Structures are given as C-alpha cells and as structure tokens.
Amino acid sequence: MNDEKGYLDDLLRFLSSSPTAAHAVAKVSDSLLAAGFRRVDEREAWDLVPGDGFFVTRSASSLIAGRLGTGREEKHGFRIVGAHTDSPGLRVKPQPQRRGEGLTRLGVEVYGSPILATWFDRDLSAAGYLVVREDDRYIRILFDLGGPLCRIATPALHIHREMNTKGFKINPEKHLPPILGGPEAGYEDLVEMAADRAGVDGSRVVLAHAELYDPQPATVGGLDGSLLLGGRIDNLAMCHAAVKALEASESATSSQIICLFDSEEVGSRTLNGADSTFLQTVLERIAGSRESLLRSLSSSLLVSADGAHAVHPAYADKHDPQSRPVLNGGPVIKINAKQRYISSASTTAYFKDCVERAGFSCQYFVSRNDLRCGTTIGPLTASRLGVPGVDAGNPMISMHSIREMAGTSDHGAMIGALREHLGSGATIEP
Ligand SMILES: [Zn+2]
C-alpha cells in the first residue's frame, strides 16, 4: 500500500473500527503482526537483535513499536514518533441505570474536553471491554455494539426559547445521560448483548467498561473530495500515520520507535500515559544497559504528532495574522514561546527538511497572545527523556467535535515526512 489513496482508505477503515483507544491498539497490533513485527510482553525477557521489528502494549490502550537500529553504536540514538490513542468523549458510569418518565437513561462521565453540543441528537453506540475472570486471571475482551443504541436528546425550542440566540448551555450531569430506550431497557441487557457479540458466556463477565461513540463511518467528502470527515481524527489519524511510516521504513542505523499513548486528553499521568514509565523502560530494555540508554538518548530526536488547528473561515481572526494553516496545505509545525509545544528553531529546521524531502511543504502554527494555547504529549515526553523534538500535526477543523474534519491530501504528506524522520541519520547539536 504505497499510494496515497490506499493510505486514505486504510485510514477511513481504521477510524471507523476504532471506537476506543483499546480498539485502536488492537487494530494497530494486527497491522504490525501482518507487517512482520513481533509482539513482546513486558513480563518476559526480550531477545531482540538489530533489524528486528517489535511491539509491546500496556493496559491494552497504549502501544510502543519499533525496529532496532543496525548501527551498533549508541551515537545513532532513537528516531521517535509520539501520538495519542484517546479521544474526548463520554463513558458509562458504574450502576448507570436511571429510570423515569417512561424511559431508561444511562449515567455518563465526561472524559477530556469534548464539544458537548455535538453529542446531542446523534444516534450513539457503545464499545469497550468486558472484564472476564479465568481462574485467577482477569482478562479484557473488547466489544463494539455498533448501530443506534442510545441518544442524548436536545429539548424542543419551545422549552428552551433562547437556545439559538443566547446559546445552548449544558449541565453535563443533568442533560448528558442518553436515552437507552423504554422502561424495560436495562444496562444489564447492554452488557449481555456485549458478551453475546464477543462470544463470551455472560456468567463469566465480572464488570464492563463502556464508552459511547458515533457509529457513522469516517468518509471522504466535499464536492471536490478534499475533506476527511469522521470521529477521533484527533489523534487516531496521527497514530495511523506513525504506524504506516514505521511499516514502510527500511531498517536504518538508528532505532525507529513509535509510541502511541492513552490518557493525553486527561493529562497523561496514568499507568500508560506519556507521563508514565512506559517509553523509558522500553527504550532501556532495547538499549541493553543504563549507560547505553543515556548515550543513545543524547543523540535521539522526537516528533510529537498531534492534530493542529487549521484556520476556520468564520473565525479567521482567532489566528495569528501570518500563521494560518489551511486544510490540504501540508503538515503543520507548532511553535509556542511558553513551551506548550517543544519545537525549537533547530528541530523545526530538521522537520521542515523531512517534509520537503518527502515532496511536500509545511505550514506553521503559533497562537495569538490573547488566546490560550493547547499542548501535546511533546513536552512531557521530551522532558522525561531529555530528547529534543518538534511538535507537528496535520491541520484540522472542529477539533474535539464528535465528528471532526481534516484535508485528504495531508495524510500522505505526514506519512512521507515521518518516514523521512524515522530513516534520518541527522543530528541536532546538543
Ligand atoms: Zn490531540
């Protein structure tokens, strides 16, 4: 799959079949296995040799994959791409059932910062995992129910007269619980359906973890077919680009690593987030010794790949006058003086060359001083490891909406640029 269209079709399938971070990691695992990468386990000894491709997962929703460098010396370091697997959304609470007014609703908790209004009046489904006890082991079994199962309903205009003029104010506790059906519909039926679909005997299920999602598949749209439309583009599109870049790379003197972390939308300080031990311990194991790790890190480079803000034509004044990334204008390098992004002039120069060597041009994003700037896993990863890096990502509109929008031609450009990075032997003066 070398052509841009092939990558795009594959991305659409990946977005549509990855309703949760754990589903995305399962899809990536399948893809890596098919491409000849070997699964390793944090509990076992690893016997990897130069040129070997491997991957390891933690808590089902984070994954690190790589190909060991053929250069035996530490001076070649790691070429790392980081992205995140989680997306803002709604998670079903334990004991969620709420009955009244002839209907059953489900209590939900807000995860990260979704644009809540976009979750109303969509035909929602649920996906997640079942915890099943097998003797003394607790295992996770993924499920995806698909289809319209529940709905967060807007009130009619006569109940909320000023909705269009004064705004649609949402009380997340009161207004978000979706309607699951009539008074007979129950959460236990949903869990039973999940067990059924997953082929698990319902009596073995101890608990379920369920997240809501929009089952409308991702698609290409716009009259000219230039728009990529779907849920979770932030940041599954960059996870996909990282995986395809790694799979398409030849082995190089430097070790090539991609890390796809969960928990970015809630601050990353979790068992398998960017602020965990996961990446550092994996790198230490493949480096062989502490000394070798430290020397390797000092010649490493990180690209933190996450969705970037394209200019929205109705809100163009919210952007810096000169830095207004557009859809299909190429990968965006993000710069912030307060270091919410890690890009420096040196690392920006490096990644600009990666984009150009791939045959594309890049764009720049810098925030207005009177607007708050977002952040990524870049600062955490770079500062934990002591590795210089750059924040980059493809331009998108409606970030954190239940259905986001990006440009179709930018995806192939990012895969090309990340491939240049993974194969690069360049160094940045320490
Ligand atoms: Zn993101």
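Of the 430 residues in the chain, 51% are buried, where buried means under 20% relative accessible area, exposed means over 50%, and partly exposed lies in between, with a 1.4 Å probe and protein chains only. Please keep in mind that this is a predicted model, in which local features need pLDDT of at least 70 and side-chain atom pairs count only at pLDDT 80 or more, while totals for chains, interfaces and linings use all residues. Residues are numbered from 1 along each chain as its sequence is written, and side-chain values use heavy atoms, with hydrogens and water left out.

Let me begin with the chain as a whole. It has 11 helices and 20 strands, which are DSSP runs numbered from the N terminus (helices H or I, at least four residues; strands E, at least two). The radius of gyration is 22 Å, close to the 22 Å from the globule rule for 430 residues, so the chain is as compact as a globular protein of that length; the radius is taken over C-alpha atoms, and the rule is 2.2 Å times the number of residues to the power 0.38.

A salt bridge here is a side-chain nitrogen of Lys or Arg within 4 Å of a carboxyl oxygen of Asp or Glu. Accessible areas come from the Shrake-Rupley method with a 1.4 Å probe, and for residues only the protein chains shown count as cover.

Glu188, Asp189, Glu192 and Asp196 form a negative patch, and Glu188, in helix H5 (residues 187-198), is partly exposed at 46% relative accessible area. Asp and Glu count as negative and Lys and Arg as positive, with His and the chain ends not counted; a charge is placed at NZ of Lys, CZ of Arg, CG of Asp or CD of Glu.

A nonpolar patch consists of Tyr138, Val206 and Leu207, with about 330 Å² of accessible area together. Leu207 belongs to strand E10 (residues 205-213) and is exposed, with a relative accessible area of 60%.

Technical notes
Patch = residues over 30% accessible without salt bridge, like charges linked within 9 Å, V, L, I, M, F, W, Y side chains within 5 Å.
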